[in-house]
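Here's a quick briefing to read with the model open beside you.

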Amino acid sequence: MPLGASITYGLTSSDGNGYREFLRDQIVDYGNPVNMVGSRRNGTMEDNDVEGWPGYVISQVQAKAQTAVPKVNNSKRSVTMVWEQICN
């Protein structure tokens with residue numbers, strides 16, 4: 001589950017994938033199956049599920065995580081990726 005704010009959602013990337021497609025491809029290249037999960041979809045990649053919320057601060061992302069993570073807990077989830085940029 002890619003979890004975070006604007007960067008995770010892919011807001012400023014040209015294809016809407018942000019770092020997610022590169023990360024997914026790297027994990028697959030190492031021989032691991034990947035199924036991105038999340039309540040939203042964004043980007044041109046086929047497996048574009050994401051829990052990314054543009055403009056959210058970390059406390060808002062945390063609130064979304066508390067709602068979203070239990071929903072996928074019964075799946076074979078083994079990694080939740082959190083990427084939060086902190087700006088002054």
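In this predicted model, strand β3 (residues 49-52) is covered on both faces. Asp49 and Glu51 are buried on one side, and Val50 and Gly52 are buried on the other.

**Who β3 pairs with**
- Strand β1 (residues 2-4) runs parallel to β3, and 2 bridges join them.
- On that side of the pairing, Gly4 sits opposite Gly52 of β3.
- Strand β2 (residues 40-41) runs antiparallel to β3, again with 2 bridges joining the two.
- Arg41 has Asp49 in β3 as its bridge partner.

**Salt bridges**
- The count here is 2 salt bridges.
- One of them pairs Arg24 with Asp47, with 3.0 Å between the closest N and O atoms.
- That pair ties together distant parts of the chain: Arg24 is in helix α2 (residues 20-29), while Asp47 is in the loop between β2 and β3, 23 residues apart.
- Arg41 and Asp49 also meet through their side chains, at 2.9 Å from N to O.
- As a general point, side chains of opposite charge can pair when their charged atoms come close.

**Buried or exposed?**
- Asp47 has a relative accessible area of 13%, so it counts as buried, the cut-off being under 20%.
- Asp49 is buried too, at 15% relative accessible area.
- Arg41, the salt-bridge partner of Asp49, is exposed because its relative accessible area is 52%, and exposed means over 50%.

Notes: Residues are numbered from 1 along each chain as its sequence is written. This is a predicted model: local features need pLDDT of at least 70, side-chain atom pairs count only at pLDDT 80 or more; totals for chains, interfaces and linings use all residues. Side-chain values use heavy atoms; hydrogens and water are left out. Buried means under 20% relative accessible area, exposed over 50%, partly exposed in between (1.4 Å probe, protein chains only). Helices (H or I, at least four residues) and strands (E, at least two) are DSSP runs, numbered from the N terminus. Two strands pair if DSSP finds at least two bridges between them. A salt bridge is a side-chain nitrogen of Lys or Arg within 4 Å of a carboxyl oxygen of Asp or Glu.
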